[in-house]
Amino acid sequence: MTTIPTEQRTYQVRTYGCQMNVHDSERLSGLLEDAGMSPAGDDAQADVVVFNTCAVRENADNKLYGNLGHLASVKRKHPGMQIAVGGCLAQKDRSEITRRAPWVDVVFGTHNIGSLPVLLERARIQEESQVEILEALEVFPSTLPTKRESAYAAWVSISVGCNNTCTFCIVPSLRGKEKDRRPGEVLAEIEALVADGVVEVTLLGQNVNSYGVEFGDRYAFGKLLRACGDIEGLERVRFTSPHPKDFTDDVIAAMAETPNVMPQLHMPLQSGSDVVLKSMRRSYRRKKYLGILERVREAMPDAAITTDIIVGFPGETDDDFEQTMDVVRQARFSSAFTFQYSKRPGTPAESMDGQVPKDVVQERYERLVALVNDIAWRENTALVGRRVPLLVAEGEGKKDAATHRLTGRGPDNRLVHFAPGDADVRPGDLVEVEVTYAAPHHLVADGRVLSVRRTRAGDAWEARTADPTPASVGLGMPSLGVPDPLPADDAPTCQPR
Ligand code: SF4
């Protein structure tokens with residue numbers, strides 16, 4: 001048994017997959033810090049390594065077992081080290097993980113992330129692997145301790161799970177039926193975040209538009225957006241992901257009439273062909289989808305609309321694909337996460353007839369990406385000369401150091417790299433700039449900064465920089481840290497990739 005006391009142990013959480021996992025990892029970090037552990041330094045070997053896995057990515061299991069294989073020898077040289085595996089792949093593979101990698105100490109599922117510290121302790125005392133997977137949610141994750149990664153922006157879960165049955169998606173079987181959090185609890189968490197300096201929140205759910213289904217209010221999501229508008233100090237509200245099936249006009253009205261709800265919509269299309277949508281069991285059709293976009297743009301002419309598209313779903317013909325291209329042309333997406341369909345074990349689509357040959361999928365995919373980029377570039381070019389208010393970000397501009405720029409996001413969530421000149425700005429502050437150049441995936445503003453508004457989020461960032469000791473962890477309360485941007489290829493929804 002290890003002799004390192006828990007309070008001296010260090011941890012590292014390695015996250016794969018979607019925002020839901022990123023957010024769960026904040027909870028896992030919070031739980032481990034609540035148990036007395038501290039984060040391992042960048043180059044130091046952690047005493048506890050937690051994998052928060054994703055079952056959606058291609059070859060996710062091969063990658064996990066490869067990583068675990070590498071850690072086996074590390075563990076032999078590091079007495080007392082523990083390895084835990086959680087998330088969707090753990091929910092799916094269960095005891096298979098400890099069978100293939102017996103040096104793993106703990107396997108836990110998506111419904112019981114709160115059990116991690118207890119399971120680690122039990123594994124340590126009993127010197128035996130612990131596998132605990134629950135079929136239903138034990139505690140709503142937002143009631144667990146959290147270590148938030150950003151000083152100025154935060155995820156807030158409004159629901160977990162999904163009642164849909166898209167045939168390409170494994171999430172419903174791994175995350176279970178939709179569970180909604182009561183609006184009062186959501187708003188209380190947001191108010192606590194704002195009191196701590198956060199100025200932007202993203203409401204998170206697998207399908208935010210069905211929010212309220214559990215407590216019988218189909219207009220609950222629009223009401224929640226409007227209630228966010230009453231929170232003083234909350235500058236920006238975003239949400240992901242909506243679902244075209246459940247998207248109602250009251251949500252468009254709430255977005256348009258609530259000043260702090262941003263003119264941005266990530267609306268998963270998946271396919272522009274009605275035949276393919278039916279086979280995906282996505283119960284909207286292209287006409288309804290395009291109608292929603294039209295009404296969103298009528299109400300918010302500057303709204304940026306992004307999407308997810310799968311190419312080469314089983315049975316997709318040339319004509320089906322052309323229909324997707326047609327919707328993309330009409331929809332004028334400002335960007336799109338595009339995926340080549342590949343089989344996911346455990347999904348209905350895995351055994352469907354008409355799997356499309358790889359070379360056909362590749363050719364369609366390349367044409368789609370070229371079209372998406374061309375449209376995105378044209379949409380961005382139309383913004384050159386426009387004044388844009390930016391929330392200054394940290395860690396989002398990969399080349400900022402080399403180009404001597406900073407990076408921020410506009411209300412429509414577009415990434416803008418800007419030259420700060422001698423303006424004194426901090427992550428979390430708000431600046432106004434004029435766009436001078438457009439690329440398909442970002443904008444540049446190389447003129448002078450037109451205005452700077454220093455915010456409490458900037459103050460919070462500065463306080464953290466002055467005192468880098470880890471902030472304390474509280475129930476549902478934010479703490480400070482370096483933001484952890486999602487990898488560019490991580491889509492907000494659960495796609496085959
Ligand atoms: S793709 Fe989204 S809406 Fe469809 S089943 Fe998966 S989580 Fe639910």
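Let's start at Arg281, which is partly exposed, with 14 other C-beta atoms within 10 Å. On this scale a residue is buried if 20 or more other C-beta atoms lie within 10 Å of its own, exposed if 12 or fewer, and partly exposed in between, with C-beta atoms placed from the backbone. Arg281 is not a glycine, yet has a positive phi of about 60°. You will find Arg281 in the loop between α10 (274-279) and α11 (286-299); helices (H or I, at least four residues) and strands (E, at least two) are DSSP runs, numbered from the N terminus.

Keep in mind that this is a predicted model, where local features need pLDDT of at least 70 and side-chain atom pairs count only at pLDDT 80 or more, while totals for chains, interfaces and linings use all residues. Residues are numbered from 1 along each chain as its sequence is written.

Arg94 also has a positive phi, of about 45°, without being a glycine. Arg94 sits in the loop between α3 (88-93) and α4 (95-100), and counts as partly exposed because it has 15 C-beta neighbours inside 10 Å.

For another backbone feature, look at the cis peptide bond joining Thr240 and Ser241, with omega about -5°. Ser241 belongs to the loop between β12 (236-240) and α9 (249-257).

Stepping back, the protein chain is assigned domain 1 (6-136), domain 2 (141-381) and domain 3 (387-466), with bounds from an automatic or database domain assignment. Taken over C-alpha atoms, the centres of domain 1 and domain 3 are 36 Å apart.
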